[in-house]
Amino acid sequence: MKRLLKWIKITTIILMAIIVIGASGLIYFLHHLAVTPLAPDPERPLLSWSKPLPPLAKQTAAWETRALNDQSALFQQQTFEKPPLEYYPWTRWWWPGNVVDSDELVRELREFSKHGIGGVEIQAIGTDVSDLDKSDPRWGVKGWDSAAFYDNVRTVLTEASNLGMQVDLTAGSGWPSGGTHVGLNDGMRSIVHGETIVKGPKEISIDLPAPKMPVHWRVLSWMNLAIPTGFFAKGHESLLSVVASKVEHNGRSINPLDIRDQITLAPDSSKVLDTLVTGEGKLVWDVPDGEWVVTAFYQMPGGESGIAAIPQTTYVVDHFDKNRIQAHYNYLFRPDTDLSSFYGNTLRGFFNDSFEFKEERIWPKDQFAHFEAAHGYDPRPFMQSIVQTGHDFSLFHWAKVEASHEYSLGNIGQRFERDWEQSVSDAFINNFIDGSRQWAEANRLASRTQGYGFEFDLIKAAGHTSIPETEQQGGSMLFMKIPSSGAWLYDRPLVTSESFIHKRRAWMSTPAKVKVQAQQLFSAGVNQIIYHGSPYQVQAPGERGYPEDGWYPFASSTFSEDFSEQHPHWQQLETVNRFIARLQYLLRLGKPEADVLVYYPWLGFPLEGIGEDTFLIAGQFDGEPEVANTTSLPVPLPSGYHDEREQWLKNLLPVLQHLEDNGLTWQWINPEKASQLTASQSLLKVNDINYKALLLHNIEAMPAETAEHILNLAENGSNIIVSGSAPSKITGLEKGNMELTKQADQRLTDVMEELVKQAASIDEVIDKYSRYKHKGIQQVRRQLSDGSLLLYLNNTRKSEQTLTVNVPSLFLSASVLDPWQGTSWPVYIHKAVDSKVANVISLPLPAYGTMVVVLSKTPLPDTRTKAQQFMTNATLLDEITLSNWQLTINDKPINLEQLKDWVEIPELKDSGKTGLYTTEINLKELSGKRRILDLGQVFGVARITVNGEYAGDAAVVPFRLDITDFLNPGSNSIQVELIPPRRNAKVKQLAENLSGPAASMASTDRMSTGLLGPVVLDTYSETP
């Protein structure tokens, strides 16, 4: 027994030694990796590309001319029926670096044009590119940003011009924008700090504490091997300030991974010690009585690297330095790219994707001076209150990891942080958003920007960019309306969207889902859809290290969607694109009109969609499974994640749904524009758009000046709704003084008490302005220059709804536009017999359907086909359920007792092959009647053949097709060719060949597939 115990003891010691040595080695490796520069500086400094902006061109760019002309144009029937290519959706066209062939680029561009893609955004990207392609010179010396790359870009621009298409270029290869021309000191900058604790009273002379490496740089630095995160630029730091505060409670943990520990500081004890720092970096200070924490603040290069199609790692350009931003564009569009002849015409502009920075706490250039000028006080005494690990590190937010602030100054610190974040927001908009737009305008280009990713004024940023863009990921209307709100408030005619993109839902898209998602985007105020996206078609993919269906840059993450020729429904998407084009034409006419402005008090927006039970949340559509929608860190970190904006939005959502259910529309407004609202009788006006009311819902803080302005509006008869609690404190710290802040809080409280007395209720506004009372209907309105009104209506329900819509008495006629068929017809207005009751129209809105009502002085012509007119007045006579179906796949017949989901058929659960359903039906006399084949539930696309003749496709809900002209008396053969989505076929393939999210797709990640029915043949006769 003694020998055994001795052996166990020795073994335990050895194992512990191995663990200690291994851990030490790992820590050394991570530390070394975290402080090792990722890229050499460029031969030519970035700022050497700086030059004054040219004067603004007298001639506007083609895209802007078109957009402005649309705003003043009247409705044209022919344009609606057959829209020009300029109104069709675009696609993001991914290139694997420059490993492309010019002839293939031309062929793909023609294929896009043929199938209803009106423009492309070229984005060279490096994700999931094969090792073989990365050994190709077109990836390296002839890759992105080389002369060979721009040769290919010019080839595309020339062919696009011939086809009547336009092109955007991603600014830089990926995102955030950067490149090999950006040096370490031209990149993003972070605030870092070091600390030491001293006790007084005594005089000290100590070395300043060196900046400590934040936990995410130390622990997550290994991710530089996969996802660029940056490095800790030791030796490149520059001292900003030294601040000391008295310690009330030292809760600092010895655990280096504990990001929830905190030191509580005595308010009003902070002292700026900058003048006590010697030239040798020593702090000489007579420490007062007590325990004090001395914090030295530094700014240093963040070393952040973007996601790009570049062999070597590069730096993200400093987005808070306008000189460097504009020098960056001067380099990207330098003379030897030979692109300038396309400016303002075929080359519409450049694109910047979302700003998912990976910094500790962003340091804008000259921030202290800018802060004091804007807020009227020195920020340095309060700097300890903003120290928070990973505050601007996007991965923390994706994984919902939140560190505590390392120091607490209580309420005063929280107030200061709001001022600080506002100042950073202003710096970002002034330097990057404005700097990008100004450079673009000077060169007759557009700056298209997806303005979100960290904490800044998203609405203002959208309004300050040439073309603001939203993103459909998450599916929350609350988020998707942010860019359109900015566009409407700041007069931007186009709003684009990165469309049909969701986490872990790759290969699930069908024409039915694309159509419904497009309708959702239009409801959010978007008027230009951009598919996300279309990968370059690699030739002989199997020989180049790709699956047989080619390269897809998000295959390993099952993110987004592959909208290319490899999509099984590529042919049917052409019809969807025509539908999109008709609506985009209509939604660019005139000016937008909305009812209620909703005050948005926050900077930034929560990462995940809000509204778990709302339509298309997280991108989930009929027949799709719930999928994991989270990001995890490689090392578990203790976290008490809490985003107060999430709860605020969840509380607001029922209020907004109540407005929508009563036919009122809403848009966001930020504090800046709320302070600029003017009263026009009982209406509110901004940017020549009239609104019916302003909603303040559970607002905790508001600038006192904004509250006073809103009170003045209410006193002049404007409808101001105060819902929930009213604001009781100002945003920020008044002049850096808590006593002045308390006085400002009281001033605000007094104003709000008076405002509440004069406020209108939500129901009062609804009673006065309601257009209809129906659930599940989304609405957008456009006011045309001749006074006509376009009313876009979208049914988000899976059942038909008959709407009764109020029509203002000034309109003498009402007509309906069907964007799917491209037809129009007048509808009867039921005149009110009582002046207290509105005139109304009655409209049947199909399941997941949409239509546009035109209210005007004269009706539109009836352009429906005879069959459509017949069905308008038809009566259902008979319903025959089709049964005895036989399903054949790969020449193998499967007899079905009943139609069922392929996922429930073992041999079909992973199938991506086309299935052929066959049955027969006997019919008697046919004359004077119309037969509609209703397929019921369809997951995929149904191509229908009747008696050997192709009758048409049923690709979207409600999956109905008129087959009257193909039927004969007696026996009839019905065949339904079911083209499935690719999802289930990819599950097995990816799980066997990849790691990460793709490999973890389990059987629950499969989606419903097949013809589920019930299939019914409806017989109609014309109603006398």
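**Entry 1: a buried glutamine**

I call a residue buried when its relative accessible area is under 20%. With that in hand I opened this predicted model and went to Gln517, which lies in helix α14, residues 511-523. Is Gln517 buried or exposed? Its relative accessible area is 0%, so Gln517 is buried. I then looked up what Gln517 is in contact with, leaving aside neighbours within four places in sequence, and found Gln472, Phe500, His502, Ser509 and Leu616.

**Entry 2: helix α13**

Next I turned to α13, which runs over residues 477-490. I checked its span: 14 residues at 1.5 Å a residue should give 20 Å, and the end C-alpha atoms are 20 Å apart, which agrees. I did find a kink of about 30 degrees in α13, centred on Pro483.

What caps the N-terminal end of α13? I found Ser476 there, with a side-chain oxygen 3.2 Å from the backbone nitrogen of Leu478. Just after the helix, I noted that Asp491 takes a positive phi of about 65 degrees. I also looked at burial: 14 of the 14 residues of α13 are buried, so the helix is largely enclosed by the rest of the structure.

**Entry 3: helix α8**

Among the buried ones I listed Arg324, His328, Tyr329 and Tyr331. Which elements do the buried residues of α8 pack against? I found α6 (147-163), β4 (178-179), β11 (347-352) and α11 (411-442). At the N-terminal end of α8 the cap is Asp321, whose side-chain oxygen lies 3.1 Å from the backbone nitrogen of Asn323.

**Entry 4: aromatic rings**

I counted the aromatic pairs and got 59. I picked out Trp95 and Phe149, an edge-to-face pair with 5.8 Å centre to centre and 70 degrees between the planes. Trp95 lies in strand β1 (residues 90-96) and Phe149 in helix α6, so the pair ties together parts that are 54 residues apart in sequence. Both Trp95 and Phe149 are buried.

Phe355 and Phe456 are another edge-to-face pair, at 6.4 Å centre to centre with 75 degrees between the planes. I traced Phe355 to the loop between β11 and β12 (358-359), and Phe456 to the loop between β15 (446-449) and α12 (458-464); the two residues are 101 residues apart. Phe355 counts as buried at 1% relative accessibility, and Phe456 is buried at 0%.

I also came across a cluster linked by ring pairs, its members including Tyr452, Phe479, Trp602 and Trp666. Elsewhere I saw Arg44 over the face of Trp49, at 3.6 Å from the ring centre.

**Entry 5: Trp175**

My last stop was Trp175, in the loop between β3 (166-170) and β4. Trp175 has a relative accessible area of 14% and is buried. Not counting residues up to four places away in sequence, I found that Trp175 touches Gln123, Ile125, Gly306, Ile307, Asp353, Ser354 and Glu356. With which side chain does the side chain of Trp175 make a polar contact? I noted Glu356, at 3.0 Å. I compared Trp175 with Glu64 as well: the two are 111 residues apart in sequence and 25 Å apart in space, C-alpha to C-alpha.

Methods. Residues numbered from 1 in each chain as written. Predicted model: local features only at pLDDT ≥ 70, side-chain atom pairs only at ≥ 80, totals over all residues. Heavy atoms only, no water. Helix = DSSP H or I, 4+ residues; strand = E, 2+ residues; numbered from the N terminus. Expected span 1.5 Å × (residues − 1). Bend = angle between axes of the 7 residues up to and from the residue. Buried < 20%, exposed > 50% of the residue type's maximum accessible area, 1.4 Å probe, protein only. Polar contact = N/O pair within 3.5 Å; in protein donor to acceptor, adjacent residues only side chain to side chain. Contact = heavy atoms within 4.5 Å. Phe/Tyr/Trp six-rings, centres within 6.5 Å; stacked < 30°, edge-to-face > 60°. Lys NZ or Arg CZ within 6 Å of the ring centre and 35° of its normal.
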